[in-house]
Amino acid sequence: MLARDLHPGAWWLWAIGLAAAATFTLNPVALLLIWAIAALVVMARRSEAPWALSFRLYVFLAIFIVVLRVVFRIVFGTAATDADVIVLHLPEIPLPEAARGIQLLGDVTLVALLSGFYDGLRLGAIVLCVGAANALANPKRLLKSVPPALYEVGTAVVVALTIFPQLAESVQRVNRARQLRGSPRRGVGVLRRVVVPVLEDALERSMTLAMGMDARGYGRSGRATARERLVTGVLMLIALFALCVGIYAYLDATAPRALAVGGLAVGLLTAAAGLWSAGRRVERTRYRPDRWRTAELVTAGAGIAVAIGVDRAYALDPFAVVPGLDGWPEVSPWVLAIIMVGALPAFVTPPPAVERGTQSPSPEEVVDA
């Protein structure tokens, strides 16, 4: 299998599918499996580019979220009943009458700890999926693949997504410079000597990007008549209304399924027509557009299959997807098998192409993409 970079849209669809599956479940075994799959795919298919090295920071952030959620449940506890298992006895801090209903410290129950732990695992899984997509998808190619109508918004999103990897690269570069100079590694002063150069580097990158965008006439668009703008606006309003109706009908169990499917279908089709109409006024060319091949379809399909499978599993066996807090969570082999489909990109996709350099894309390259 020849080495090549996958389409960035495929990686983002895969990550969004895993993140959506994480929002559907509170089973800690399933959530930890999503954590492991995201890490496995990143380790197997990330390149040597600087943005690929930021996944470690997302892992630390996800772990911090889990710890923070548990600590939050301990600090802001709930009233314990006779049936609750008390794990930790803490002195309760009395609060004024205005804060009625809020308990500060007090007895910590097993239900409160498990609830905070499960919530933290779910939020951490979502963060980890976003970090995996950010580490695997090339931001330059992602910007090049954005539809013309969303080019301005896509540029802002790509710049925002590359800030975290660029900060990670700046921290590594500053640490290497400090080591070469023999600076001490510990102490409060180290934080100041690292944070100031990193912020200065981020500001310099932002100014360079702004100058590059201004020099290339960023923001110019083609001419559009009043009738074309009216048609585009009407299509987008219809799409927004249809999508709202379809999503509401999908979330409402009493609404007919035909209304949900019809609303979503009409909204997506109308939105596609509106984006095509709006994109006609954007004067932008693309050199060698990225193609969707079998590996891209398998990657995107794996993420979507995991999201749909976990959602359907809840209808068949809700306690396996959202377990109770009064005992060991039920583990369903079918749910685990569905989530394991998300690991296919680690084995069936080609390895990433070797980068010619290890530097981050310059602001000029981002704008040119």
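**Close-up 1. Phe117 is partly exposed in this predicted model.** The relative accessible area of Phe117 comes to 30%.

**Close-up 2. Trp11 and Trp14 meet edge-to-face.** Here we turn to another part of the chain. Searching the whole structure gives 2 aromatic pairs. In the pair shown here, the ring centres of Trp11 and Trp14 are 5.8 Å apart, and the planes stand at 80°. Planes over 60 degrees apart count as edge-to-face, so that is the label for such a pair. Both tryptophans, Trp11 and Trp14, sit in helix H1 (residues 8-24). They are 3 residues apart there, which means about one helical turn separates them. Are these two residues, Trp11 and Trp14, buried or exposed? Both are buried.

**Close-up 3. Phe117 and Tyr118 form a tilted aromatic pair.** Back with the residues of the opening view, we can now look at their rings. The centre-to-centre distance between Phe117 and Tyr118 is 6.2 Å, with 50° between the planes.

**Close-up 4. Five side chains make a nonpolar surface patch: Leu40, Val298, Leu344, Phe347 and Val348.** This patch covers about 410 Å². One of its members, Phe347, belongs to helix H14, which spans residues 345-348. Phe347 has a relative accessibility of 59% and therefore counts as exposed.

Methods:
Residues numbered from 1 in each chain as written. Predicted model: local features only at pLDDT ≥ 70, side-chain atom pairs only at ≥ 80, totals over all residues. Heavy atoms only, no water. Phe/Tyr/Trp six-rings, centres within 6.5 Å; stacked < 30°, edge-to-face > 60°. Helix = DSSP H or I, 4+ residues; strand = E, 2+ residues; numbered from the N terminus. Buried < 20%, exposed > 50% of the residue type's maximum accessible area, 1.4 Å probe, protein only. Patch = residues over 30% accessible without salt bridge, like charges linked within 9 Å, V, L, I, M, F, W, Y side chains within 5 Å. Areas by Shrake-Rupley, 256 points an atom, 1.4 Å probe, with all protein chains shown as cover. Salt bridge = Lys/Arg side-chain N within 4 Å of Asp/Glu carboxyl O.
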